[in-house]
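Please go through this briefing with the structure open beside you. It is arranged by topic, in short points.

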Amino acid sequence: MISSLLIANRGEIARRIIRTARRLGIRTVAVYSEADANAPHVREADEAVLIGPAPARESYLVPDKLIAAARQTGAEAIHPGYGFLSENAGFAEAVLAAGLVWVGPPPASIRAMGLKDAAKKRMADAGVPTTPGYLGEDQAPERLHREADGIGYPVLIKAVAGGGGKGMRKVDRSEDFPAALVSCRREASSSFGDDRVLLEKYVTRPRHIEVQVFADTHGQAVHLFERDCSLQRRHQKVIEEAPAPGMDAATRESVCQAAVRAARAVGYEGAGTIEFIADASEGLRADRIWFMEMNTRLQVEHPVTEAITGQDLVEWQLRIASGEPLPLTQDQLRIQGHAMEARLYAESPATGFLPSTGPLTHFVLPTDAVRVDSGVEQGGEVTSTYDPMIAKLIAHAPTRTQAAARLAAACRAVRVWPVKTNAAFLARCLEHPDFLAGTVDTGFIGARLDALVPRAEPSEAVLQAAAAARLTPPAAAPSGFRLNAPPRVEVRLESEGTRHVIPVAATPRAPALPVFISGEQTIVFERGQAYAFNPFRAEALAGEASTGGGGVLSPMPGRIVAVSVALNAAVRKGQPLVTLEAMKMEHTLLAPFDGVVVELTARAGAQVAEGVVLARLEPAAS
């Protein structure tokens with residue numbers, strides 16, 4: 001077994017690897033950027049090395065700095081985690097060339113599966129079914145457009161070197177293809193340094209099924225069953241589960257054995273995931289499930305596989321990297337119960353899931369009946385520099401229904417402020433009747449968005465809790481004398497632009513809901529949702545009109561990658577105006593109404609802060 005390990009990553013995956021390494025008696029070395037100097041993974045490692053400024057391209061994405069840190073600390077091996085350089089064959093080669101142990105597959109395997117077009121050809125040769133599409137070398141926009149027309153719409157444009165939903169666009173009509181191609185290539189170039197794309201037929205009732213595989217250096221390979229990752233938004237996974245609902249034994253055997261063949265076809269070693277797309281229009285059938293891609297690393301959702309198999313997949317990685325054989329054979333692996341994972345993101349579902357940044361002044365996650373993997377803690381900060389996932393909540397139970405109920409309860413117990421989260425949205429997904437019935441596909445969220453993201457109106461219980469917490473002058477005012485009745489008062493509060501006059505008893509009961517007070521602000525938590533209240537002041541009325549005027553504001557700090565309109569241009573409601581890149585994703589700001597661009601300050605390439613006016617519109621003359 002290796003004796004010391006440098007973890008070339010950050011956040012929750014770094015902490016996850018540290019836990020297993022400590023249990024195995026392996027000394028750990030963390031690396032960190034200037035932005036992560038006080039991060040939990042830095043404190044928890046046995047040693048830590050500063051590797052550069054906050055931007056990942058100047059720290060976590062610089063192979064020389066990571067290898068130098070390993071040499072400086074005497075680390076024997078490097079674990080890349082996931083994301084960053086975990087699927088970079090050049091980095092793997094550099095690690096091996098430095099005489100270090102690489103906790104991952106051989107560079108040749110990474111390279112073979114890293115380019116989606118070549119990987120699909122290799123899989124077809126190995127007898128693994130693949131989806132119809134275009135994998136050609138000719139990347140001329142005209143050729144790609146013709147191929148898309150030939151495949152038939154809807155069609156999916158995917159970055160050849162892509163992953164994690166980046167560099168991917170669904171196109172429904174031929175006339176939309178050119179603009180989608182430009183946006184996809186720009187995002188692919190920014191994320192992966194490679195703007196080449198491939199085309200795939202878009203399956204109308206798709207399910208995302210993936211199989212966890214492991215192979216050792218002794219020629220053995222096994223699968224650890226499948227996961228269903230169909231609940232997605234913008235191709236980003238939201239909730240994952242194992243095993244897949246509706247998967248019968250025969251289909252499971254067919255798909256999982258195909259995954260093992262795929263791993264063997266590239267001489268694989270270590271942990272990997274074979275991803276399939278299934279046409280669920282007639283349920284899960286072996287003849288309607290096709291290879292999509294391979295992730296040559298550990299996955300974010302690996303805990304659900306750990307839960308149903310009782311295995312520590314990081315331990316498996318470390319043992320295989322140390323030259324040991326697979327811990328178990330295929331016939332020793334069994335599915336035990338059902339597991340689900342929810343990704344807690346720093347984002348605001350009410351504003352189109354825009355990322356939310358800021359200090360974690362109040363950060364309370366559930367501790368009962370679920371596993372929590374988190375990279376942050378109270379007093380930390382969420383910035384726009386890194387991915388917005390702040391925690392994973394994992395539930396395991398004897399049945400799928402019980403696992404969903406347990407995970408929903410955990411999501412409802414999340415209390416985070418002032419950073420906004422998707423906790424209430426996750427709970428509604430898990431409690432939706434269609435989800436509980438197993439009626440899932442990748443369009444599940446989009447088709448039910450109104451039900452899953454309703455307007456967050458505070459309930460009477462929330463109002464009473466906020467009023468009770470603020471029942472002190474000057475917020476409270478007497479409502480009048482009442483004979484033979486307890487005196488009552490009114491508490492006047494404002495929330496999200498709405499003024500509330502709340503009658504409460506002068507000696508109210510302690511609120512049943514969690515309440516957090518920060519200065520003049522009162523925050524009430526209910527079912528994973530945070531409601532903020534401020535004292536109502538008459539002078540607030542004077543400023544209300546100033547929030548209108550057709551201003552298009554930057555919703556978060558980021559970089560402007562495209563300006564789609566010109567000054568004095570006429571625009572239609574919903575027309576793209578400005579595209580902003582933040583937290584590794586592009587966000588397109590749309591015209592709020594038909595009008596004319598009377599002010600335009602946005603410039604491509606510029607960095608902007610949150611709340612900056614990028615453009616201003618005046619309504620079109622009627």
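Pro418 sits in the loop that runs between β23 and α13. The peptide bond joining Trp417 to Pro418 is cis, with omega at about 0 degrees. This is a predicted model.

**Backbone points**

- A cis peptide bond also joins Tyr153 and Pro154, where omega is about 5 degrees.
- Pro154 belongs to the loop between α7 (141-151) and β7 (155-163).
- Phe353 has a positive phi, near 65 degrees, and is a residue other than glycine.
- Look for Phe353 in the loop between β16 (347-348) and β17.

**Second largest pocket**

- The volume of the second largest pocket is about 1,300 Å³.
- Its lining has 45 residues, and those nearest the centre are Ser348, Ala350, Thr351, Lys420 and Glu496.
- Six elements are named as giving two or more residues to this lining: β17 (354-355), β23 (415-417), α13 (423-431), β26 (498-505), β28 (521-526) and β29 (529-535).
- Which element gives the largest share of the lining of the second largest pocket? Helix α13 does, with six residues.
- By residue class, the lining of the second largest pocket has 23 nonpolar, 13 polar and nine charged residues.

**Cavities**

- Rolling a probe the size of a water molecule over the atoms shows where empty space remains.
- Across the whole structure, a search finds four cavities of 30 Å³ or more.
- The largest cavity holds about 210 Å³ of space.
- The largest cavity is lined by 18 residues, and Arg233, Gln236, Glu347, Pro388 and Met585 are the closest to its centre.
- Strands β12 and β34 (585-590) are the elements that give two or more residues to the lining of the largest cavity.
- The largest share of that lining, three residues, is from β12.
- The lining of the largest cavity splits into nine nonpolar, three polar and six charged residues.

**Eight-stranded sheet**

- Eight strands form an open sheet in the order β14-β13-β10-β11-β12-β15-β22-β20, and the pairing is antiparallel.
- At the edges are β14 (289-295) and β20 (371-374), each of which pairs on one side only.
- From one strand to the next, the twist averages 25 degrees.
- Helix α12 (residues 400-412) packs on this sheet and touches β12 (236-242), β15 (338-345) and β22.
- The direction of α12 makes about 145 degrees with that of β22.
- Strands β20 and β22 (residues 389-397) run antiparallel and are joined by four bridges.
- Val372 has Leu393 in β22 as its bridge partner.
- In a regular strand, side chains alternate between the two faces of the sheet.

**Four-stranded sheet**

- Another open sheet has four strands in the order β30-β37-β35-β32, with antiparallel pairing.
- Its edge strands are β30 (551-553) and β32 (570-571), and each pairs on one side only.
- Two bridges link β32 to β35 (residues 595-600), and these strands run antiparallel.
- Which residue of β35 is the bridge partner of Val571? The partner is Gly595.

**Pairings of β31**

- Strand β31 (residues 558-563) pairs with β36 (residues 607-608) in the antiparallel sense, over two bridges.
- Opposite Arg559 stands Gln607 in β36.
- Strand β31 is also joined to β33 (residues 576-582) by four bridges, and the two run antiparallel.
- Ala562 has Thr579 in β33 as its bridge partner.

**Aromatic pairs**

- The whole structure contains six aromatic pairs.
- Why does the pair of Tyr60 and Phe84 count as stacked? The ring centres are 5.1 Å apart and the planes are at 5 degrees, so the pair of Tyr60 and Phe84 is stacked. The cut-off for stacked planes is under 30 degrees.
- Tyr60 is in the loop between β3 (47-52) and α3 (63-73), while Phe84 is in the loop between β4 (77-79) and α4 (89-97), so the pair ties together parts that lie 24 residues apart in sequence.

Technical notes
Residues are numbered from 1 along each chain as its sequence is written. This is a predicted model: local features need pLDDT of at least 70, side-chain atom pairs count only at pLDDT 80 or more; totals for chains, interfaces and linings use all residues. Side-chain values use heavy atoms; hydrogens and water are left out. Two strands pair if DSSP finds at least two bridges between them. Axes are lines fitted to C-alpha atoms, for helices over the stretch in contact, and angles run from 0 to 180 degrees between N-to-C directions. Contact means heavy atoms within 4.5 Å. On a 1 Å grid over the protein atoms alone, a cavity is a set of points where a 1.4 Å probe fits but cannot get out, and a pocket is an open set with protein on both sides within 12 Å along at least five of seven lines; lining residues have an atom within 4 Å of a point. Grid points are joined across faces, edges and corners, and a volume is the space filled by probe spheres set on the points. Ala, Val, Leu, Ile, Met, Phe, Trp, Tyr, Cys and Pro count as nonpolar, Asp, Glu, Lys and Arg as charged, and the others, Gly among them, as polar. Rings of Phe, Tyr and Trp (its six-membered ring) pair if their centres lie within 6.5 Å; planes under 30 degrees apart count as stacked, over 60 as edge-to-face and the rest as tilted.
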